[in-house]
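Visitor: I would like a close look at a single part of this protein. Please keep it brisk.

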Amino acid sequence: MALLSLDDLAPGQEYAAGPITVSRDELVAFAREYDPQPFHLDEAAAKETFVGTLIGSGWQTAALGMRLFAQALVSQSTSMGSPGITALRWLRPVLPGDALSAVIRVEEVRPSSSKPDRGMARLSMTLTNGRGEAVMTQAFAVLFARAGAVPAPRPVELSTETGPMAEPNDAVPLPYLAQAELGTTRDLGAHRFEADDIIAFARAYDPQIFHLDAEAARSTHFGALCASGWQTAAVWMKRLNATFARDIALTARSGPVPQLGPSPGFKDLKWLRPVYAGDTIRYASTLIDRRASRSRPGWGIATHHNTAQNQRGEPVFEFTGTVFWQWEPPAA
């Protein structure tokens, strides 16, 4: 069967996939690896948090959306990956046992003016649960090859570094959001992307050949095995949690610890360069805005800009996100 190319896509087309049912074990396993917050890990611990019940990580929800997108379109197409997400909103939490379905709509198709072998499609996605409720919406772009085109592999400089990274031991006090200083940047440490981990993530969430098979990836436009963009994002969450765990432990020695809640979503996510097997990616997060929540007394919403660069200092990833953060200590 011929693969769908950019030339086969047109505004108004819709592609659907699902349902896929997510189990408690699948939600908890992802959280343990990438997002070990209490409301993703344990029902009893979740009762004491902002959320009140066990829910899936939003980053896993996005990755599950990718799995459904692959089923609906990508696996039958000339997809060349995504340059980024314009906006993503997590509308409802994903609960154990939820059956997720996706509808992807083509919004715009635009051939490249500088590279005639490819073009960009702007798409929207709505992810729903088994009750017909929208749990996530997403506006994003994907590159597709033109009909008959075979984009040439790019030259790739692969790192030969292997093995786990040493965990930093720095820590700073974690303030309540009302006292947090705008413009503060927190170094989140680094993560090395190993081939086996890249392939395992791709099998679960993003089964495109350049994420799955090192030999086959060399013949693609990426030129080598590279990580799913959603894995790059999930590792940002992993590094944020590891860093905050040290900060929380330090803060707890001298007083109460502010709670952190879930995120309503993010915007302007850009995958700027591929992350290849062996690359060491360093992440950072800067607090750029804060406001008290009108709907949740005692809580606020923090806006943070996040970046990542590889071992050569080249930017590979950035986005602007939001998160619920306890605004001030509870009244005595």
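How are α4 and α8 oriented to each other, parallel or antiparallel?

Guide: A caution before the details: this is a predicted model. Two packed helices are described by the angle between their axes and by the distance between those axes. For α4 and α8 the angle is about 170°. Their axes lie 10 Å apart. An angle over 145 degrees counts as roughly antiparallel. The pair α4 and α8 is therefore roughly antiparallel.

Now the residues in that contact. Helix α4 contributes Trp59, Ala62 and Met66. Helix α8 brings Trp230, Ala233, Trp236 and Met237. By class, this contact has 7 nonpolar residues, with no polar and no charged ones.

Both helices also meet α5. The buried residues of α5 pack against α4 (58–72) and α8 (229–252), and against α1 (24–34) and α6 (209–212) as well. Helix α5 covers residues 195–205, and its buried residues are Ile198, Ile199, Phe201, Ala202 and Tyr205. Why do they share a side of α5? They cover an arc of only 165° around the axis, so they fall on the same side of the helix. The face of α5 turned away from that buried side carries Asp196 and Arg203, which are exposed.

Last, the setting. The protein has 8 helices and 10 strands. Buried residues make up 49% of its 332 residues. Its C-alpha trace spans about 70 × 45 × 35 Å along the principal axes. The radius of gyration is 20 Å, which agrees with the value near 20 Å for a compact globule with 332 residues.

Notes:
Residues are numbered from 1 along each chain as its sequence is written. This is a predicted model: local features need pLDDT of at least 70, side-chain atom pairs count only at pLDDT 80 or more; totals for chains, interfaces and linings use all residues. Side-chain values use heavy atoms; hydrogens and water are left out. Buried means under 20% relative accessible area, exposed over 50%, partly exposed in between (1.4 Å probe, protein chains only). Helices (H or I, at least four residues) and strands (E, at least two) are DSSP runs, numbered from the N terminus. The arc is that of the directions from the helix axis to the C-beta atoms. Contact means heavy atoms within 4.5 Å. Axes are lines fitted to C-alpha atoms, for helices over the stretch in contact, and angles run from 0 to 180 degrees between N-to-C directions. Angles under 35 degrees count as roughly parallel, over 145 as roughly antiparallel, 65 to 115 as roughly perpendicular and the rest as oblique. Ala, Val, Leu, Ile, Met, Phe, Trp, Tyr, Cys and Pro count as nonpolar, Asp, Glu, Lys and Arg as charged, and the others, Gly among them, as polar. The radius of gyration is taken over C-alpha atoms; the globule rule is 2.2 Å times the number of residues to the power 0.38.
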